[in-house]
Amino acid sequence: MRQRFQILNDPRFRLVYDEKRRFFEGPDPATLRLNIEHFKVADGIKKKTRVFPGMLLATHASLDKGDLHSPIYGIVSDINARSIFVDAVKREADDPVLEPRDFLEEGREGEELRWQMKEMGVNMRSLGQKVKTLIINGLNPDPGVTWAESILQTHANNLRHGMELQRRLTRADRIILAVPKGSTVSYDGVDIVYVEPEYPNSVNSVLIREVTGEENPPDIGAVGLHNLWSLGRVGTSGYPLMETVVTVGSATQWKNYIVKNGTSVGQLLTHAKVELNEGDTLLRGGPLRGECLDRLDRSISKGTVGLFVVEAGTVPPMEGHSPCVNCGACVQVCPAHLNPSTLSRYAEFANYNVCFQEHSPLCVECGLCGYVCIARRPVLQYIRLANAKIKQMQEFVYVDTEENASDETTEAKK
Ligand code: SF4
Ligand code: SF4
């Protein structure tokens, strides 16, 4: 595989850190900002509503997004199209308290359990896949993210609950746990496979290829450890999912925190004693696949895996209009065998149809093309833009076709 010659043995792409500490608690925020884009605000939730931990705030129609619950006692201070804001208050004697549930005892399975876990706040896109073999991706997702070893080594109870719920969710004949070569973890009744802990093997589609030796084999899926931890968190606590595990990192330190959904990145940095200086870049997500943030009041959500400060001057900035110099480095590293150079140029000039013809939706968003680009082009960002536009166009065509179909049905009824 061509890309491996480029980055093999580069220590920056190793995905093991010998990190086996339990997680630190995140801050107790004075205010939360919870993202509700495409959610429906729950009945009775409005400005000045008093809320308590686990109270339902908003629901999402799709299984992809878990419903939203308050992680704290508080008062709803504002609601707009994008966010619910909650100000923390002290608990009072007559505040309601949610009783924990035992989901294993309740005994649901399959689709019924999938909806139950979604209602408990878990994002279920990859957790309920109908495949014959399901691979649990036990690698840290990005270089710099360090929680995977801790979850595998010290959160065994949480992980066992997650795997048991996963077993009941999926109809997979076989569940495999993929861990870094050299790992000594074992779980009763779970087959373990060992993979080279080197980026981009942690990207699900690349991991499947590493484990099976095949490109896009049928009936095999992968689910990330972060997602499984979230499922196990609901299983062990009996409460809705209201938090996430986040690696907070800088050049000098990293630590893993359990952070309440809606906590601002500014509050988390202060809590972690990570300083942000003039010219630094702040990334939400992993260092290779994360998004740049321009404001400290952006918040951590249930899917956030990391928060990183990249010190000014350590990485040359991306240049939006910097021309491609045809060096070919991005083509060599692309694990999806795409041509990121031409795709980014088509996207730059809004030729999204050509991007589609050139298979841009097969991009696995590993970010390596942008990393190696000597012209510092935002290659991944261009490809993400193209794929978002393609998705919009496809949804438009779908809606249009549906509407035409219903018009025809109406006509036919007349
Ligand atoms: S981000 Fe996409 S296009 Fe770029 S190297 Fe990764 S898979 Fe290839
Ligand atoms: S790495 Fe950058 S400069 Fe080189 S071919 Fe790709 S887009 Fe062009």
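**Pocket, ligand, sheet**

I began with the second largest pocket, whose lining splits by class into 21 nonpolar, twelve polar and six charged residues. A reminder to myself: this is a predicted model.

Next I checked the volume of the second largest pocket, and got about 1,300 Å³. I then asked which elements give two or more residues to its lining. They are the strands β15 (281-284), β16 (291-293) and β17 (306-310), plus the helices α12 (368-372) and α13 (379-413). The lining comes to 39 residues, and I noted Leu283, Pro287, Val310, Val315 and Tyr371 as those nearest the pocket's centre.

On to ligand 1. I listed what surrounds it: Cys334, Pro335, Ala336 and Pro340, then Cys363, Val364, Glu365, Cys366, Gly367 and Cys369, and finally Leu380 and Ile383. Sorting that shell by class gave me ten nonpolar residues, one polar and one charged.

I traced three strands in an open sheet, ordered β3-β5-β6, with antiparallel pairing. Why is one side of β3 and of β6 left without a neighbour in the sheet? Because β3 (40-41) and β6 (68-69) are at the edges, and each has a single partner strand.

I also looked at how β3 meets β5 (residues 56-59): the two run antiparallel and are joined by two bridges. For Val41, I found the bridge partner in β5 to be Ala58.

Note on methods: Residues numbered from 1 in each chain as written. Chains lettered and ligands numbered in written order. Predicted model: local features only at pLDDT ≥ 70, side-chain atom pairs only at ≥ 80, totals over all residues. Heavy atoms only, no water. Pairing = 2+ DSSP bridges. Helix = DSSP H or I, 4+ residues; strand = E, 2+ residues; numbered from the N terminus. Near = heavy atom within 4 Å. Nonpolar A, V, L, I, M, F, W, Y, C, P; charged D, E, K, R; others polar. 1 Å grid on protein atoms, 1.4 Å probe; cavity = no way out; pocket = protein on both sides within 12 Å on 5 of 7 lines; lining within 4 Å. Points joined across faces, edges and corners; volume = space filled by probe spheres on them.
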